[in-house]
Amino acid sequence: MTQTNRVRRGTAAGLGVAAALALTACGGNLGGDDTADAESFPDGPITILVGQDPGGSTDLIGRAVAEGMSDELGVAVTVENRPGANGALAAQQLAGEAADGQTLMIFNGSLGYITPLAVPEDEAVDVNDYEVVTGISLDDYVLVTAAGSGFSTVEDLAAAGRPVTFGTTGVGTGSQLSQELLFNQAGIEATAVPFDGGSPTLTAVLGGQVDVGSIQLGEAIERIEGGELTPIVTFAEERPSFLPDTPTAIEAGYDVPVQQSRALVAPEGTPDEIIEQLRDAARAAFETDSYQEFNENNLLTPNEIDGEELQQRWTENLEQYRSVVEEYGIDLGGAQ
Amino acid sequence: MDLAPVLDGFTVVLEPTNLLYCLIGVVIGMLVGVLPGLGPAATIAILLPLTIGIDTVTAIIMLAGIFYGAQYGGTITSVLLRLPGEASTVVTVFDGYALARQGKAGTALGIAAIGSFVGGTISIVALSFVAPLVAGFALDFGPPEYTALALLGILLVSTISSGDRIKALVAAAAGLLLATVGRDSFTGAERFTFDNLNLADGLDFVPIAMGLFGLGEILHALEERHHAVRAPATVSNVWPSRKDLRQSSGAIGRGSVLGFFLGILPGGGATLSSLAAYSMEKRRSKTPERFGKGAVEGVAAPESANNAAATSSFIPLLTLGIPANATMAVIFGALLIQGVTPGPRLVEDDPELFWGVVNSMYIGNILLLIMSIPLVGLFVRILRVRATVLAPITVMITLIGVYTVRNSVFDIGLVIVFGALGYLMKKLGFDPGPLVLAFVLGSLLESNLRRSLLIFEGDPTGFLTRPISGTLLAVFLLVVLGPLLSRLLARRRATSDRPAKEPV
């Protein structure tokens, strides 16, 4: 009998405290002009869509960001892989989700500013149709050749005296664009040989099946350091800190800055207050040691810029690429 | 040969988790081996999504266990009930059941288990030596070599599989057609995508395999009337006598070697090699009239062969990334889900995975040998589980499972469509195997052919001047022309008496 009473009293006290806390919480927000949505955000677990297969670099980045944000927001943040069509499938799904910040996506720069050059217009995805929470990081492409190929500079390739073959990681990728631009500007006769992703391209370059290939730095670095691959140029505007001795294509005299960039986006119409909360959470995640170590290990350069700036840069990229591609008569896909 | 990675492989296997999954794998394998209608390919297809959260090595160890475990399990029902649990144990019925009726069921099962063990082990040892050898050529395997290999593979798959040849060809052609769906990976042009982004990357292999093998088989098995299964006679005298052993030792040896080679061939595998081993023994025997009436060799040879083949069919998959038979195609899918593209670099880049899986087969075979005899009674009791109970559960697992692979509702639809197709194919006597294999090899063929031509600048003679692709194409020609030549010879020889018969 006594025991029951005590338990009941305990429960009541607990309820009282909870009620008081809830009241204070409400009171604190009374002055704001928030919609109900923003006030209750986050309302349960958050999903981050990734338009690539598990285990790839985009997936790993998504998971690293999700982990940090989860600690910050106090709710579970899970990554859901929805691979297909360079990420367009995930983007399509995100567009159909409620604009409440509960569903986000890791948006690949190539989907925004390279794929549109290769696919029919109605399939092109525009980053301006989404609310960008924040930029995440940049990934570099490096032009590599097998150690025994005898090539080590762009001039060597030009002096090969025969058409050069180059492996790309697929149609409408930065790998394809960077090499098409380089070889066209350098006046080198070259044939693109597309492979399914970075790893098969790497194998083909190593085996001498193709002369060169443009691969994301993180995938090639081990073989570069092991001496199996020779880096020729990188495609960023500045030398990446991870490969300080390799010239950029720009230093070599060609105007082809191509990088992979990634951003965290939400469906169009997501309230600003929610976007801000998400941005703060993402920023806090970026600050953690474990995240910075992750960037370091994967050779990623932080690019934690605001949404507007990112949209502007990506749009500029697309316009710039479109004009050079037209100038040189490059055809990334056959379906334009 | 560098032994360090091989030994490291054993440390991988001996991790408790891996041992456990190896055990789970072989037990599931034995169970589905016993159940007619549910084969290893179907089971692995259904269980594919369950491997997502597991380590790659662990997942493949389990799936491989299901495959070779099924070869053991299938024997039990063949011998005791004249009911082959697997296609690869059909021939075991002839002499195995005859032996059982003579009260020597124990002997038959014992010989089968020993034969399976020896066949499996010989094959693993050979695999350990051959695979790194093939992998040594890894970097020489470029697009032209893959083109030739895929071409040869498609030809073998559609011609030497054990069923009707015309039907196999039709199924393979359908597989090639399905492989063309999706955005062209060279130009970005849309092919048969009907403006559906879900089809932009082509049809995914996993739902096709789960539909054709999983759902299709379940539906087809439901249709069969289920008789009450008689309780088997008590099995005694499991250890074969010295005389039986002496009589079958040759058959076990020959069966193992034959099985090993047939397992490597695309389109070969356990079923074909068990048939071939049986007929080889019968032909070699001085007393062929004993076959079908309880000859121990008639059990020993096919059982050794099917296990040897089950193991050796891992060679083309793990070294070249080419699945040799339907089950390997499904394991190929499992590797893809895990983010591992099997290919020539696997042995070097991921020795833990490669040697972990290979060495797990030693352990698995020992487990099976230990379990298969004492647990016979238990496994036979599984047959009493009614299909009406089993089917809805497996269907549900399949549909939920396929969704979890890519979080795609579209894939559920695909499984249902391909499940219906698989059911119809089975009903009309088509083997879905060639379809699935041609689907995998078809995309390999197309993209590598186009890559090769880009590299050769459009000059197809490049295929003939590279040593490996040239050799493979010569083998291709031999396989195409071989039967024609022998038909011609047979006709010339037979013109005097009567019209030539169809060559065998």
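The model is predicted, so local features need pLDDT of at least 70 and side-chain atom pairs count only at pLDDT 80 or more, while totals for chains, interfaces and linings use all residues. Residues are numbered from 1 along each chain as its sequence is written, chains are lettered from A in the order in which they are written, and side-chain values use heavy atoms, without hydrogens and water.

Entry one. I looked up A:Glu180 and, setting aside neighbours within four places in sequence, found it in contact with A:Phe166, A:Ala192, A:Ile330 and A:Leu332. A:Glu180 is buried (under 20% relative accessible area, with a 1.4 Å probe and protein chains only). A:Glu180 has no salt bridge, a term that requires a side-chain nitrogen of Lys or Arg within 4 Å of a carboxyl oxygen of Asp or Glu. The nearest side chain of opposite charge, B:Arg450, is 13 Å away.

Entry two. Of its 144 residues, B:Ile76, B:Leu80, B:Leu203 and B:Phe213 touch the most other members. Beyond four places in sequence, B:Leu203 is in contact with residues including B:Leu178, B:Leu414 and B:Phe439. I also noted a second, separate core of 52 residues, with A:Val132 and A:Tyr321 among them.

Is B:Leu485 buried or exposed? I recorded B:Leu485 as exposed because its relative accessibility is 52%, and exposed means over 50%.

Notes:
Lys and Arg count as positive and Asp and Glu as negative; His and the chain ends are not counted. Contact means heavy atoms within 4.5 Å. A nonpolar core is a set of buried Ala, Val, Leu, Ile, Met, Phe, Trp, Tyr and Cys residues joined through side-chain atoms within 4.5 Å.
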